[in-house]
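These are my notebook entries on one structure. I start with the backbone and end with packing.

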Amino acid sequence: MKVNKQLLDKYNVPVPRYTSYPPANHFTNDFKVDDFNHLLVKSNEEEPQNVAFYIHIPFCAQICHYCGCNAIKMGRADEIRNYMDALKKEISLIINKIDRGRKISQIHYGGGTPNAIKASYLKEINDILFDAFDLIENPEIAIECNPAHLSYPYLDELFKAGFNRFSFGIQDFDECVLQDVNRKPSALPVGDLVKYVKSENEKFAVNLDFIYGLPGQTTKSFCESIQQAIEIKPDRLVTFSYAHVPWFKEHQKILDEKGLPSADDKLDMFLAAYAMLLKAGYISIGLDHYALPEDELCQALEKHQLHRNFQGYCTRRTTGQVYAVGVSSISQLSGGYIQNTKEVKKYIESIEKEILPVEKGVMVTKEQKMIRTVINELMCNKFIDWHIVAKDFSSDALTIKKLIGYDELVLKQFKEDELIDFTDEQIEITELGTMFIRNIVAAFDPALQGSNKRYSNSL
């Protein structure tokens, strides 16, 4: 696939990432604890009925310069214990309002570095959730791991804790690149780690995550990393575009000094990796994920049944309303989004008073739910049928189109650029259009018009 420079310049503009709708920078401080409690109770009557949990572990042995997450340097043992105790109390406050007849479909640990702390802490959390709810068949119990802090005994403990999906944050196999961004390489050969997981249970799944657009990376060096990954053959592989937001994460300014690849170079990295992975038999999922053909994500894509949340792409089967705990975590309920406070001290103080640590959030109106569905369908399945969406909301296609500001002239421009094919009934994003999918869905976001919010560039 070729992308000309003119097209790159035209569409490389700031747009939301659309991991939620409305996007997270639309959340407001007007949202209060009572609003959250209302949504918790209401969520029992809304779809999806499955329950998903996100647990945020903020601790890291060291902070990577590219990090855009809420992460803090490892503290004393008692500080970690206090935080984990608060997590358990927060879970109790939340699950007391959730119908115990609902089932868990997904649990995801993110950070920070979840595997930077004792695995026994993670097992304590899982045991609470497993005791409180039944699980769907083959639930996804996932953890993000920094392989610099992984050992075989630690993996054994994760197996006993119930985890069955492991995301290894490789970022790059080039140790010079890792050194520039203040990240240590894997403590053990990554291929051996993957084999070890598979030897425990062949149904256990492994993701390898990479970032392109970091200082010191070239198309050649990044492709060498991808080739190593292909030889390891993980179930899924992700190539994240580095989001440079130094106005939001001040430590990212260090990377300006080291020199970042140009937008052209970043696109070359993406396209080269894309071609390599497809040639190796992987299927492109959404914007930046790849999976082997037998993976459930690929089967869902074929049926237009892909979904996603802040934790990544998932299937309709494992989709649930997300109840998030820990500092900065974001609950994604049908009726709204709720973000916790970002400060550990403030978080623990709130939990000790048995008050949910809400910092901000937003209620989602029926109209916003419609827009969210349109955006999700395009971002996940690269396809939309207006009549199917309208039917889901007991509405009609004309009403949906009017709500999103449907503009045929804009769609014709996308079509001329070979980014989409469309009729009055459907839109399908082309292979080339996948590169600019954020730009395409932004055309259906009425809230973006006239907004002064800041976003990273689309490429």
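I looked up proline 22 and found it in the loop between helix H1 (5–11) and helix H2 (33–43). Helices here are DSSP runs of H or I with at least four residues, strands are runs of E with at least two, and both are numbered from the N terminus. The peptide bond from tyrosine 21 to proline 22 is cis, with omega near -5°.

The model is a predicted one, in which local features need pLDDT of at least 70 and side-chain atom pairs count only at pLDDT 80 or more, while totals for chains, interfaces and linings use all residues. I number residues from 1 along each chain as its sequence is written, and side-chain values use heavy atoms, with hydrogens and water left out.

I then checked proline 48, in the loop between H2 and strand S1 (51–57). Glutamate 47 is joined to proline 48 by a cis peptide bond, omega about -5°. I noted both bonds because most peptide bonds are trans, and most residues other than glycine have a negative phi.

Next I looked for positive phi. Lysine 233 has phi near 60° and is not a glycine; I placed this lysine in the loop between helix H8 (219–232) and strand S8 (236–241). Serine 328, also a residue other than glycine, has phi near 65°, and its loop runs between strand S13 (321–325) and strand S14 (330–333).

Which of these counts as buried, and which as exposed? Buried means under 20% relative accessible area, exposed over 50%, and partly exposed in between, with a 1.4 Å probe and protein chains only. Lysine 233 is exposed because its relative accessibility is 53%. Serine 328, at 10%, is therefore buried.

Glutamate 257 sits in helix H9 (residues 253–258) and is exposed, its relative accessible area being 70%. From glutamate 257 to proline 215 I read 9.3 Å, C-alpha to C-alpha, across 42 residues of sequence. Lysine 369, in helix H13 (residues 366–381), has 17% relative accessibility, so this lysine counts as buried. Neighbours within four places in sequence aside, lysine 369 is in contact (heavy atoms within 4.5 Å) with Glu46, Ser334, Gly335, Val364 and Phe393.

I turned to helix packing. The axes of H3 (residues 77–95) and H12 (residues 344–352) come within 9 Å and cross at roughly 50°. H3 is therefore oblique to H12. Under 35 degrees would be roughly parallel, over 145 roughly antiparallel, 65 to 115 roughly perpendicular, and the rest is oblique. On the H3 side the contact includes Tyr83, Leu87 and Leu93, and on the H12 side Tyr347, Ile348 and Ile351 are among the residues involved.

Last, I looked at the nonpolar cores, each a set of buried Ala, Val, Leu, Ile, Met, Phe, Trp, Tyr and Cys residues joined through side-chain atoms within 4.5 Å. How many residues does the largest core have? I found 128, and those with the most contacts inside this core are Phe53, Ile55, Leu158, Phe166 and Phe168. H3 gives the largest share, nine residues. Leaving out neighbours within four places in sequence, I listed contacts of phenylalanine 53 that include Ile95, Ile107, Leu129, Phe133 and Tyr323. A second, separate core has eight residues, among them Tyr66, Val177, Tyr242 and Leu255.

How values were computed. Axes are lines fitted to C-alpha atoms, for helices over the stretch in contact, and angles run from 0 to 180 degrees between N-to-C directions.
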